[in-house]
Amino acid sequence: MTGATRLSWILLAGGLAVIACDRDKDSSAAQNTSVSASAPAIQPLNFPPDHGPLPSADGDRAMQYVKEIVKFGPRPLGSANHKKVEEYVASHLKGDQVEDDIFTADTPEGKFPVHNIIAKYPGTKDGIIIIASHYDTNYPLRNTSFVGANDGASSSGLLLELANHLRGKQREGYSVWLVWDDAEEAMKPDGSGGQPNEMPFSADSLYGITHLAEKWQADGTLKNVKAFILTDMIGDADLNVDRDTNSTPWLEDVVYEAAKRLGYQSHFFGIQREVSDDHLPFVKRGVPSSDLIDFTYGYNLAYWHTTEDTIDKLSPRSLQIVGGVVLETLRILDKMEPLPAK
Ligand SMILES: [Zn+2]
């Protein structure tokens, strides 16, 4: 998670809305908006019938991947540990169709190699659903013990677990591409601490995923992407996935429907905020996108971008919940006819 977010409203169980706090310096406009966190998109969606066995992700196995990623230590851009994690992810994708997207990013801290890893699982339907997670750790914290257990590792481990569900079988649905994207974090302090040298995060972050969005726009792939689902900071034992107002409302509604079918809805969308994250390059290009992020991480965000972001804050249950919801979201999208365009 790079930095910019705007919390507008907390919705309580009875539908009572209260202003919680305002993290962003210029977010006064948000206070004039009141939207129910679980409000449906304007066009009522036609969900396919809810039958067949519900999917389930293995939270313990996902947690094992997260632990192994964390064990490498800090993995900022350009580091030896970063290289080890690239190799670790690739080693779990042997036999899968993998594309490496490697380029050099020109950042305020100099030029760095960036390595996006894409695993492709073909389906029978024409179209692609992307599920993404960044795996780098915060560069400004590179000389600390910051390991990003939740911020980077949790979702990257979860994607390895999702790969176990996708490989080796013919998908009766859209092709699914898992993307471990790189260089998500800002290279200069990201604006949360008010440091004098901070960069606007929009100019100094999301390097890897922006490169992919541009490349896929240029080669025509993007036209075929039906949905982009981002996972970020989803391992917190106290799981509260936000409803993000930068995401596409109908796709957020599909995610909520998936959570309801699994009985996990109490972990979703209690808080609504505007989140700037890896989905933005796809949002800007008109791809329906959903950012699954829990940006309530410790009291007053005490664990975010601090050395407190460690494995003991996470739980296999949270990985199981988000993994299940992503798999059920795929199952619903596969059967929705037609998918809304945007
Ligand atoms: Zn982060």
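Contact here means heavy atoms within 4.5 Å. Among contacts in the protein chain between residues at least 6 apart in sequence, 80% join residues at least 24 apart. This is a predicted model, in which local features need pLDDT of at least 70, side-chain atom pairs count only at pLDDT 80 or more, and totals for chains, interfaces and linings use all residues. Residues are numbered from 1 along each chain as its sequence is written, and side-chain values use heavy atoms, with hydrogens and water left out.

The protein chain has seven helices and 10 strands. These are DSSP runs numbered from the N terminus: helices are H or I of at least four residues, strands E of at least two. Of the chain's 342 residues, 56% count as buried. Buried means under 20% relative accessible area, exposed over 50%, and partly exposed in between, with a 1.4 Å probe and protein chains only.

Two packed helices are described by the angle between their axes and the distance between the axes. Axes are lines fitted to C-alpha atoms, for helices over the stretch in contact, and angles run from 0 to 180 degrees between N-to-C directions.

Start with helix α7, residues 316–335. Helix α1, residues 59–71, comes within 8 Å of α7, axis to axis, and the two cross at roughly 110°. α1 is therefore roughly perpendicular to α7. Angles of 65 to 115 degrees count as roughly perpendicular, under 35 as roughly parallel, over 145 as roughly antiparallel and the rest as oblique. From α1, Gly 59, Asp 60, Ala 62, Met 63 and Val 66 make the contact; α7 supplies Pro 316, Leu 319 and Gln 320. By class, that is five nonpolar, two polar and one charged. Ala, Val, Leu, Ile, Met, Phe, Trp, Tyr, Cys and Pro count as nonpolar, Asp, Glu, Lys and Arg as charged, and the others, Gly among them, as polar.

Now turn to helix α3, residues 149–166. Its axis lies 10 Å from that of α7, at an angle of about 50°. α3 is therefore oblique to α7. Ser 154, Leu 158, Leu 162, His 165 and Leu 166 of α3 meet Leu 319, Val 322, Gly 323, Val 326, Leu 327 and Leu 330 of α7. This contact has eight nonpolar, three polar and no charged residues.

Arg 331 is also found in α7. Is Arg 331 buried or exposed? Arg 331 counts as buried, because its relative accessibility is 19%. A polar atom of its side chain lies 3.1 Å from the backbone oxygen of Pro 53. Not counting residues up to four places away in sequence, Arg 331 touches Asp 50, His 51, Gly 52, Pro 53, Leu 54 and Pro 55.

How values were computed: A polar contact is a pair of N or O atoms within 3.5 Å; within protein, one must be able to donate a hydrogen and the other to accept it, and residues adjacent in sequence count only if both atoms are side-chain atoms.
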